[in-house]
Amino acid sequence: MYPFFYSFLEGKAISELFINEQIRAKEVRVIGIEGDQLGVMPIADARKIAEDEGVDLVMIAPTAKPPVCRVVDYGKFKYEQLRKEKEARKKQKTVEIKEIRLSPNIDTNDLNTKVNAAKKFLEKGNRVKITLRFRGREMAHMGASVHILTDFAEALSDVAVVEKQPKVEGRSMTMFLAEKKN
């Protein structure tokens, strides 16, 4: 018969964790309820220990040699895992990329306004993508406009570091800035 059919009959393992009769290894390393090592033993003995305690045998490291199983209350174990994942997601900060668009004939005051906006983005911990867009005849003078991006990076040199140098991509030139680490 097919392995899929067996798993269908026995019930699928939730989130790839095998419990009790779903464990197919001949020998397993067992960790007790208190977290103490009980050693390597046949699967039948491990199931017996879990049954005597009134809890489940959960395979926590299937790729280890031999696989590692833990004697634990599965419902409580699953709840703890979900809580840890939730805490990790809470502490995680997603870094957004904010874009600032410039044109080659930008005036100094307009450039200063854009620099201040970029400074606010950087202080919030975001990365900033500065895009210099060229239209029509401006395409002929792309090389002469690199100084705008270098001036922009120089104005932010106290709070930012250039992550990617200016690079031409089609009709635009882009540069990435990231917050300077103290």
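Glu87 forms a salt bridge with Lys90, the closest N and O atoms being 3.8 Å apart, where a salt bridge is a side-chain nitrogen of Lys or Arg within 4 Å of a carboxyl oxygen of Asp or Glu. This is a predicted model, in which local features need pLDDT of at least 70 and side-chain atom pairs count only at pLDDT 80 or more, while totals for chains, interfaces and linings use all residues. Residues are numbered from 1 along each chain as its sequence is written, and side-chain values use heavy atoms, with hydrogens and water left out.

- Glu87 and Lys90 both lie in helix α3, 3 residues apart, or about one turn of the helix; helices (H or I, at least four residues) and strands (E, at least two) are DSSP runs, numbered from the N terminus.
- Glu87 is partly exposed at a relative accessible area of 37%, whereas Lys90 is exposed at 60%; buried means under 20% relative accessible area, exposed over 50%, and partly exposed in between, with a 1.4 Å probe and protein chains only.
- Arg83 and Glu80 also meet through their side chains in a salt bridge (3.4 Å, N to O), and both residues lie in helix α3 (residues 74-91), 3 residues apart, about one turn of the helix.
- Arg83 is partly exposed, with a relative accessible area of 42%, and Glu80 is likewise partly exposed, at 29%.

**Other salt bridges**

- A search of the whole structure finds 6 salt bridges, and one of them joins the side chains of Lys98 and Glu96 (3.6 Å, N to O).
- Lys98 is partly exposed, with a relative accessible area of 25%, and Glu96 is partly exposed at 43%.

**Asp56, a buried charge**

- Asp56 is found in strand β3 (residues 56-61), and it is buried yet has no salt bridge, the nearest side chain of opposite charge being that of Arg47, 10 Å away; here Lys and Arg count as positive and Asp and Glu as negative, with His and the chain ends not counted.
- The side chain of Asp56 makes a polar contact with the side chain of Asn20 (3.0 Å), a polar contact being a pair of N or O atoms within 3.5 Å; within protein, one must be able to donate a hydrogen and the other to accept it, and residues adjacent in sequence count only if both atoms are side-chain atoms.

**Lys164**

- Lys164 has its place in strand β7 (residues 160-169) and counts as partly exposed at 47% relative accessibility.
- Leaving aside neighbours within four places in sequence, Lys164 is in contact (heavy atoms within 4.5 Å) with Met175 and Phe176.
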